[in-house]
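Good morning, colleagues. Please look at the model on the screen while I go through its main features.

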Amino acid sequence: MKKAMNWLKNIRPLKVLTVFLAGIFLFLTQACGAPGIATQPPQPDAQSPYSKRYDPTKDYPLSSPAGGINNFSDVDPRAKDEKAANDRGDAMAKNAQRNVDQKGVNSPGEYGQNFKQGTPLGERVKNLGEDIGSSAEEVRKGVVKGTQRGIENIKGNTQNAADDVTKNVQRGAEDAGKNVQRGAEDAGNAVKRTVKDVD
């Protein structure tokens, strides 16, 4: 409480009066000094503030729900003839259902597969047999080729091994001959050194 009393005693009335007058001066110069919109005369071709204005957010023509995957039409709204596209789609669906009923297939996928092949059942079985026969022939040819290739590889490896053994034997014989010759030379040199030392 003492601090609050000391703070009130330290406030000078002249400072408070100066701040108050400066605020009043600022308020009056900003609000009443410059000509603003309120002082401008009305424009002759100006619209009434109560007239209806353009609102871009309300200008989108939204399509009404018509069914489909998102409760809207599945047809592109830019397409001009939506009814013709719908009629064509319905006709294609009916044609597909009629074909399924006439051919006696179990599913539309099975019908599509039969339609793609376009061959009767007997020919399809014959083609299947030929495919199996050709596959077996290809497997047999692959086995024969693989076996021949393996035999050729074994022959080549055996020949290479024989050549390597022959070369190694020759090198060994050459090395042994050189070693014997060096040994004889070293023995001769040793004898010569011994004879010189004795003399």
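Let me begin with a definition: helices (H or I, at least four residues) and strands (E, at least two) are DSSP runs, numbered from the N terminus. This is a predicted model, in which local features need pLDDT of at least 70 and side-chain atom pairs count only at pLDDT 80 or more, while totals for chains, interfaces and linings use all residues. Residues are numbered from 1 along each chain as its sequence is written, and side-chain values use heavy atoms, with hydrogens and water left out.

The protein has 5 helices and 0 strands. Confidence is given as pLDDT, the predictor's score for each residue from 0 to 100. The protein averages 80, and 74% of the residues score at least 70. Helix α4 (residues 108-117) has the lowest confidence, with a mean of 65, and α2 the highest, at 88. Where pLDDT is low, the predicted coordinates should not be read in detail.

Next, burial. A residue is buried under 20% relative accessible area, exposed over 50%, and partly exposed in between (1.4 Å probe, protein chains only). Of the 199 residues of the protein, 2% count as buried. Among the 20 residues of α2, the count of buried residues is 0.

Helix α2 covers residues 13-32 and includes L28. With a relative accessibility of 45%, L28 counts as partly exposed. L28 also belongs to a nonpolar surface patch with L14, L17, F20, L21, I24 and F27, and together they have about 750 Å² of accessible area. Patches are made of residues with over 30% relative accessible area and no salt bridge; like charges are joined within 9 Å, and nonpolar side chains (Val, Leu, Ile, Met, Phe, Trp, Tyr) within 5 Å. The areas come from the Shrake-Rupley method with a 1.4 Å probe, and for residues only the protein chains shown count as cover.

Finally, which side chains meet in a salt bridge? A salt bridge is a side-chain nitrogen of Lys or Arg within 4 Å of a carboxyl oxygen of Asp or Glu, and the count comes to 1. The partners are E137 and R140, at 2.6 Å, N to O. Both lie in helix α5 (residues 121-198), 3 residues apart, about one turn of the helix. E137 is partly exposed at 32% relative accessibility, and R140 is partly exposed at 46%.
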